[in-house]
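Good morning, and thank you for joining this group meeting. Please look at the sequence and the structure as they come up.

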Amino acid sequence: PAKKADLMGSVARTFGANKERREMCVLVKADVQGTAEALTRSLRELKLENDEAVVTVKVLVSEAGEVSKSDVSIASVTPDTTILAFNVAASFAAMEDARINGINIEYYNIVYDAIESIESRMQEVLSPTPDGEYTGSALVQEVFNIGGTGNIAGSRCQDGRLRKGGNARVMRGDKILTETKIRSLRNFKAEVDVIDEGNECGIGLIDFENFEAGDVIECYVE
């Protein structure tokens, strides 16, 4: 959670076109300038978005040569900036400064691997997971309307366990519908605190009841 908070807190944000714009900052160092420029072009073309936000990559430096103390110094200005070292090493002084300042230096010799790593980080920026440790998920099979309670998701716990009061994220395919808390867990009409893998249950969430069959409810416990 602390790492995630640092990540989200460091992302530069601007607002416009009804979507929040977020930028990931990257430094690119490569064995030759042509490779640095090619990798930079690929990174700048990356864009992930959902209904609420757009994430793109901002390349702060794109040069040939080993990773230097100067590169680490530039990266340290914007928290969570990543240094991509493509077919090059980092000087000992740069590695020491990076360790002290918590700067991430990633080494690659395949362009696709470098781009895939950045895309994974972009996805984390776009759709941060709820606070806490992932404990399990449930697949919504049908929806019940309980008078005075609202809609309850009739579900089966498909892995791990769900815990009443835990943080929850509702997914419909790749789309995040909401992040909230588990208000109630019922098993054969009895209110329970925990549902384990393989068991069926009724799930009630705080301030959300627009369930559909096929939705996935993930549980996170702090």
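Is E218 buried or exposed? At 14% relative accessibility, E218 counts as buried, because buried means under 20% relative accessible area, exposed over 50%, and partly exposed in between (1.4 Å probe, protein chains only).

A word on the source: this is a predicted model, in which local features need pLDDT of at least 70, side-chain atom pairs count only at pLDDT 80 or more, and totals for chains, interfaces and linings use all residues. Residues are numbered from 1 along each chain as its sequence is written, and side-chain values use heavy atoms, with hydrogens and water left out.

Let us return to E218. This residue belongs to strand β14, residues 216-221; strands are DSSP runs of E of at least two residues, and helices are runs of H or I of at least four, numbered from the N terminus. Setting aside neighbours within four places in sequence, E218 is in contact (heavy atoms within 4.5 Å) with residues including Y134, N167 and R169.

Which residues have a positive phi without being glycine? One of them is N87, with phi near 60°; another is D207, with a positive phi of about 60°. N87 sits in the loop between β5 (82-86) and α4 (92-101), and at 41% relative accessibility it counts as partly exposed. D207 is found in the loop between β13 and β14, and at 77% relative accessibility D207 counts as exposed.

Thank you for your attention.
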